[in-house]
Amino acid sequence: MTADRLDELAQERVDFRFKGLPPEAEGATVGELAARRLNLFTDGFTTPVLTLSAERLEHNLALMETYATRHGLTFAPHGKTSMAPQLFRRQIEHGAWGITLAVPHQVRVARRFGIERIFLANELVDAAALRWLAGELDADPSFRFVCYVDSVRGVELMQAALSAADATRPVDVVVELGAGVGARTGARTEAECAAVADAVAGADRLRLVGVAGYEGEVPEADGERVRAWLRRLVALAADFDSAGRFSGLDEIVVSAGGSAWFDAVADVFAEIPELTVPVLKLLRSGAYVSHDDGHYRHLTPFNRVPEEGALHPAFRLWAQVVSRPAPDQAFINAGKRDAAYDLDLPEAQAVRDASTGAVREAAGVAVTGLSDQHGWLRLEAGAGLEVGDWLGMGLSHPCTSFDKWQLIPVTEADGTVVDYVRTFF
C-alpha cells in the first residue's frame, strides 16, 4: 500500500461530519486527536459513539493470518465489510495477498490507497467502470485485478467495453460456479461454466485464470452440502486444466470462502490435485476483522474447531439513557441510524454509572427494538438503569455496523482512544 496516501487520513480535519467525537476536537487533525490519547468516558465524547477494541482487532488479524498459513491458503479478505483503508493495510501487514471487493466504487477506494491486488467477487459489466479499470491496468504494471464472469452475455459486454477503451492489458477473470438452484449469482451447471470459458477464450481483452464461487449461498447449507459444492468447484478447475483452458498461466486461481464455512474451504482445498501449474487457493472471509456479538458469533467455524482459536467481537456501541418513563422501560439515544439491525438487535452488555463512573454488567437490560434515533429497552426489577447512564452494546453483522460510521475510535481496554478508523461507503 502507499503509506503517504494513508498518512493523508491523519491530516483530515475533525468537524461536524463525524458522530460521537468531542465538540472540542473541532479543527484538530485526526492524527493530532489520536496523539492526545483521550479517554472515551471522561474527555468529552458524545453519545452515541461506536468503538473498536484495539486488543481485539489485533487478536482477530493475527488469528486469521495464522489460520490461513496453517492451512496453506492465500488470503484476500473481503474489504466491503469495513471499507477502511487503515484496516486493509493491517490485513496486508498480517499476510493478506490482497483485498476482495464487490462493486466498482470500492475498487476505486482501494486503488486510491494503493492496494495492488484486488479480487472483485462480482461480474463487472459497467462500461464506465471498465474504461476506468483499463486505464488503471495500463498505467500500473504491478496492479493485479481478478473478477468473476458467469455468463456469455457478461463476457460480451466486458469485451466490447474494453475494446472501446483500447485496453492493452487483458482483464483476468474466473468463471463463477453458482451454489445451486435459487442461490445468488454464478453459472448453474458445469456445461454453462464451460460455455462461459469458451466465450472468454474468444475475447482478446480477457484472460481466464481460474474458477470461484461463494459456498455461503449453498441452499440449506450444512457441512456435507457445502463440501459437496466445493468439490464441484475443485473438479471444475481440474477439468478446465485438463482441457488446456489455463495454458500459459503461472498459477491457477481457485477461490471461495465467506465467514461461515472457511473450515470447509480449508478441508476441500487441501484435496486439490496437482494441476499443470501451482494453484492459488484464495480465501475471501471478511467479517473476522471485527467479528460480532450475534450472527457471526453463532456461525463462525471456530465454534466447530475450537482447537484452532476463537475470534473476539471488537465492536461496542455506547449510547446514553435519555428517558425512563416506566419502571420496566427506558430509551437510549441510539437507533437504526447508529446500530446494525438487519440480522439481530444490539445486545446490552455493560452499564457505566453516570454518578460514579463505575462499569458493571448490564444485567436485566435488553434491547427490544430500534426507532431511527432511539433504542427501546426492557428492564427487569433491580436493573438499576437511570437517565444519564451509558449503555455499552454488542452488535450483530459487521458489514452494516461499519457503514453507519465515518470515523470510529479505536479504544484500549481502559477507554484510552489510540486511533480513529476512517471508512468510505
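## Salt bridges

Arginine 225 has a relative accessible area of 38%, which makes it partly exposed. The class lies between buried, under 20% relative accessible area, and exposed, over 50% (1.4 Å probe, protein chains only). This is a predicted model, in which local features need pLDDT of at least 70 and side-chain atom pairs count only at pLDDT 80 or more, while totals for chains, interfaces and linings use all residues. Residues are numbered from 1 along each chain as its sequence is written, and side-chain values use heavy atoms, with hydrogens and water left out.

Arginine 225 forms a salt bridge with aspartate 222, and the closest N and O atoms are 2.8 Å apart. A salt bridge here is a side-chain nitrogen of Lys or Arg within 4 Å of a carboxyl oxygen of Asp or Glu. Aspartate 222 is also partly exposed, at 28%. The structure holds 27 salt bridges.

## Bridges between distant parts of the chain

Glutamate 8 and arginine 112 form another salt bridge, with 2.8 Å between the closest N and O atoms. The pair links distant parts of the chain, 104 residues apart: glutamate 8 lies in helix α1 (residues 3–10) and arginine 112 in helix α5 (residues 104–112). Helices (H or I, at least four residues) and strands (E, at least two) are DSSP runs, numbered from the N terminus. Glutamate 8 is partly exposed at 41% relative accessibility, and arginine 112 is partly exposed at 36%.

The side chains of arginine 297 and glutamate 347 meet in a salt bridge of 3.1 Å, N to O. This pair also links distant parts of the chain, 50 residues apart, with arginine 297 in helix α11 (residues 295–299) and glutamate 347 in strand β12 (residues 347–352). Salt bridges that share partners join Glu12, Asp15, Arg17 and Arg422 into one network.

## The open sheet

Eight strands form an open sheet with parallel pairing, in the order β2-β9-β8-β7-β6-β5-β4-β3. The edge strands, β2 (74–75) and β3 (99–101), each pair on one side only. Two strands count as paired if DSSP finds at least two bridges between them. Strands of a sheet pair through backbone hydrogen bonds, either parallel or antiparallel.

Strand β8 (residues 252–256) and strand β9 (residues 279–283) pair in the parallel sense over five bridges. Valine 253 has leucine 280 in β9 as its bridge partner.

## Helix α8

Helix α8 (residues 190–201) has 12 residues and reaches 16 Å from its first C-alpha to its last. This is close to the expected 16 Å at 1.5 Å a residue, where the expected span is 1.5 Å times one less than the number of residues. The buried residues of α8 are Cys193, Val196, Ala197 and Val200. Seen down the axis of α8, the buried residues fall within an arc of 100°, so they line one face of the helix. The arc is that of the directions from the helix axis to the C-beta atoms. An α-helix has 3.6 residues a turn, so residues three or four places apart point the same way.

The buried residues of α8 pack against β5 (144–149), α7 (152–164), β6 (171–176), β7 (206–212) and α9 (223–242), where contact means heavy atoms within 4.5 Å. The face of α8 turned away from its buried side carries the exposed residues Ala191 and Ala201.

## Cysteines

A search of the whole structure finds zero disulfides, a disulfide being a pair of cysteine sulfur atoms within 2.5 Å. The sulfur of cysteine 193 is 15 Å from the closest cysteine sulfur, in cysteine 147, which is too far for a bond. Cysteine 193 is buried, with a relative accessible area of 0%, and cysteine 399 counts as buried at 10%.
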